[in-house]
Amino acid sequence: MKKTLALLVALAATFAVNAQTPTTPATQPFGKIDKADLELKSCDFEKDANAMILFDKGEVYYDTQAQVIENRHKRIKIFNSSAKDEANIRIEYYSANRLEYISGLQAQTINLNNGNVEIIKVDKKQVFTETVDKYHSALVFSFPNVQPGSVIEYKYTVTHALFYDFPDWYFQSDLPNRYSELKTTIHEALYFKNLENRVQPYAVNKTEGMGTQTRAIANIPSIPDEPFMTTRQDNAQRLLFQLLSIKGSFTKSFSDSWSKVGANFMEDEDLGGQLGKKLTGEEALIAKAKAMKSDDERIAYLFGEVKNTMKWNEKYYKYSEDGVGKAWEKKTGASADINIMLCHLLKKSGVKVYPMMVSTRSNGKVNPGYPTESSFNNVVAYIPVDSAKVYVLDASNKYNLYNQVPGNVLNSFGLLLDKEANNYEMVFLQNDKPIRGVVLVNAEVKPDSKVTGNANLISYGYKKVKAVERYKTGGEKKYIDFLKADDNTLKITSLKMEDMDVDTLPLKQSINFDLDLTGSDDNYIYFNPNVFGLSKTSPFLSLNRLTDIDFGYRDNFMLVGTYKLPAGYKLESLPKSASMALPDASITFRRIVAEQDGSVAVRYVLDTKKSIFFKEDYADFHEFYKKMYEMINEPIVLKKS
């Protein structure tokens with residue numbers, strides 16, 4: 001920190017000579033609005049939008065103290081009452097040591113009242129600062145008198161004390177945006193790398209003197225919530241900024257490589273400095289682990305001890321919050337506290353283990369071409385077993401398995417931290433083995449249009465983790481409701497769960513059930529053999545897709561069912577056996593149906609051979625799922641003989 005402050009002083013002298021007041025962006029000033037915007041009824045390029053951003057203007061430059069000044073002005077049009085949550089604003093920032101702070105907030109609601117423009121300002125007494133954690137705070141406020149037709153606008157300034165903390169810009173969000181503009185003024189002594197993700201042309205792209213550049217995009221569609229998407233930030237059109245070096249009378253290089261990023265983490269007292277901290281009573285745990293025959297036993301034992309001893313406070317941190325010693329004594333802590341102590345105990349027990357920085361799915365994927373500490377929000381334990389096998393351990397979630405990469409970091413990169421060997425390596429985290437799910441049904445169709453029977457569900461890996469977590473957090477009643485999938489015709493009369501707490505075994509569920517067959521009459525019985533199997537409706541109903549599909553892992557599902565037919569009925573219609581596949585065979589589906597000795601035997605097999613499908617291939621993907629669900633939902637028809 002002292003080195004940073006010294007560099008700030010040196011930079012400030014350079015900036016003072018060249019400082020000038022940035023020009024105002026060529027957009028409407030605060031409070032000035034066209035009547036047409038107040039009368040606007042819908043978004044021209046996204047008709048069903050509940051609200052739209054009229055403009056989002058950012059201006060970023062350096063002041064004479066080499067601080068980054070970020071001015072933001074945003075204006076939003078409300079079309080209907082479904083957009084009422086847009087009036088609640090929350091702006092988070094890094095408040096520790098005043099490295100960032102917000103000033104100059106102005107906010108107001110603008111309405112058209114009997115043809116007159118009415119402005120209601122946000123009362124400053126209704127603006128609150130909340131403490132998020134020891135590093136972050138949030139500025140929180142709500143707009144008054146918001147109704148369909150309102151325009152809300154606010155502007156503020158964020159001061160970033162560290163000159164390399166240059167904010168990224170996202171043109172795209174969950175609302176359509178009529179105009180998004182970023183104006184930057186960067187001193188010639190600073191060399192930034194830009195990482196750009198953009199599919200639309202710039203409406204404005206101009207460069208002026210003194211390192212000023214303005215870039216803007218118009219008519220930007222929203223990014224909706226889509227099944228199996230990652231974060232909006234992963235998919236948004238954006239501009240990222242990375243300071244690589246300062247040139248002039250002195251030269252300074254920054255985290256332009258993952259090695260430098262990794263070294264910075266290990267030098268930090270709240271991460272690398274915590275790895276060797278002694279835990280009260282650790283001797284007994286270490287002695288017991290050392291007495292075990294294999295590393296696998298030691299890993300499973302210590303992972304279970306930490307996972308079951310510590311209570312996670314639901315916070316993902318990449319640094320220890322108050323020190324691992326205090327967290328251990330309190331038996332509660334953030335993810336970093338829990339996993340740093342796990343690394344410590346494993347290493348003391350003779351296991352080759354390293355801390356690894358990761359980003360959870362909700363935080364966004366790590367871009368390997370953009371080395372920065374801010375990419376990560378968690379630290380885990382990484383154990384390279386051999387050239388073909390690794391363990392990635394996150395003991396903060398009590399439902400994680402020691403022998404499976406946590407599901408919330410799949411298909412992203414982790415940064416290995418090996419200080420002794422000066423090795424800071426990027427590792428792609430994936431699970432390339434298919435995760436199996438098996439449903440075995442043995443049932444009887446009754447003449448009174450009912451089905452009674454039992455089902456055995458066998459769930460491996462991530463399927464087990466999800467099921468156990470849902471069962472233990474919600475309780476059996478809610479879990480049974482989940483199994484029924486809102487089907488009021490299905491009644492579960494008993495449920496037995498086995499091997500929930502054994503990481504090396506699949507979860508076994510035994511279910512007895514009754515099913516009413518609606519739609520049947522005195523002459524016909526209709527029933528769908530897809531009981532406790534795939535969902536009844538495809539998750540991919542939309543004709544278009546804006547984001548990639550990321551399942552996280554490969555899926556292999558099989559349903560095998562035997563249904564005894566009722567006396568006095570014969571088969572009227574039996575679905576034919578068939579198979580289908582995507583053009584590249586990355587997903588296959590087989591349906592096998594046959595009659596045998598007064599029963600119908602069915603087998604559905606869905607094999608997904610990769611976990612990520614690109615939006616450019618969505619047309620074929622959508623068509624596959626459409627046809628597959630038609631096959632899944634095709635009923636068996638019985639006729640009274």
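1. Buried residues account for 50% of the 641 residues in the protein chain. The model is a predicted one. Its secondary structure comprises 11 helices and 35 strands.

2. The C-alpha trace spans about 95 × 75 × 45 Å along its principal axes. The accessible surface of the chain is about 30,500 Å², and carbon and sulfur atoms contribute 49% of that area. Of the contacts with a separation of 6 or more, 71% involve residues 24 or more positions apart.

3. On charge, the chain carries 82 positive and 81 negative charges, and their mean positions lie 1 Å apart.

4. Strand S19 (residues 378-386) pairs with strand S20 (residues 389-393) in the antiparallel sense, over 5 bridges. The two strands, S19 and S20, form a hairpin with 2 residues between them. Tyr-391 in S20 is the bridge partner of Ile-383.

5. There are 38 aromatic pairs in the structure. One of them joins Phe-166 and Phe-192 in a tilted arrangement, 5.0 Å centre to centre with 55° between the planes. This pair links distant parts of the chain, 26 residues apart: Phe-166 sits in the loop between strands S8 (151-160) and S9 (169-170), while Phe-192 belongs to strand S11 (residues 190-197). Phe-166 has 5% relative accessibility and so counts as buried; Phe-192, at 12%, also counts as buried.

6. Trp-312 and Tyr-316 have ring centres 4.8 Å apart and planes at 55°, so this pair is tilted. Trp-312 is buried, at 13% relative accessible area, whereas Tyr-316 is partly exposed, at 25%.

7. One aromatic cluster is formed by Phe-228, Phe-540, Phe-551, Phe-613, Tyr-618, Phe-621, Phe-624, Tyr-625 and Tyr-629.

Conventions:
Residues are numbered from 1 along each chain as its sequence is written. This is a predicted model: local features need pLDDT of at least 70, side-chain atom pairs count only at pLDDT 80 or more; totals for chains, interfaces and linings use all residues. Side-chain values use heavy atoms; hydrogens and water are left out. Helices (H or I, at least four residues) and strands (E, at least two) are DSSP runs, numbered from the N terminus. Buried means under 20% relative accessible area, exposed over 50%, partly exposed in between (1.4 Å probe, protein chains only). Contact means heavy atoms within 4.5 Å. Accessible areas come from the Shrake-Rupley method with a 1.4 Å probe; for residues, only the protein chains shown count as cover. Lys and Arg count as positive and Asp and Glu as negative; His and the chain ends are not counted. The place of a charge is taken as NZ of Lys, CZ of Arg, CG of Asp or CD of Glu. Two strands pair if DSSP finds at least two bridges between them. Rings of Phe, Tyr and Trp (its six-membered ring) pair if their centres lie within 6.5 Å; planes under 30 degrees apart count as stacked, over 60 as edge-to-face and the rest as tilted.
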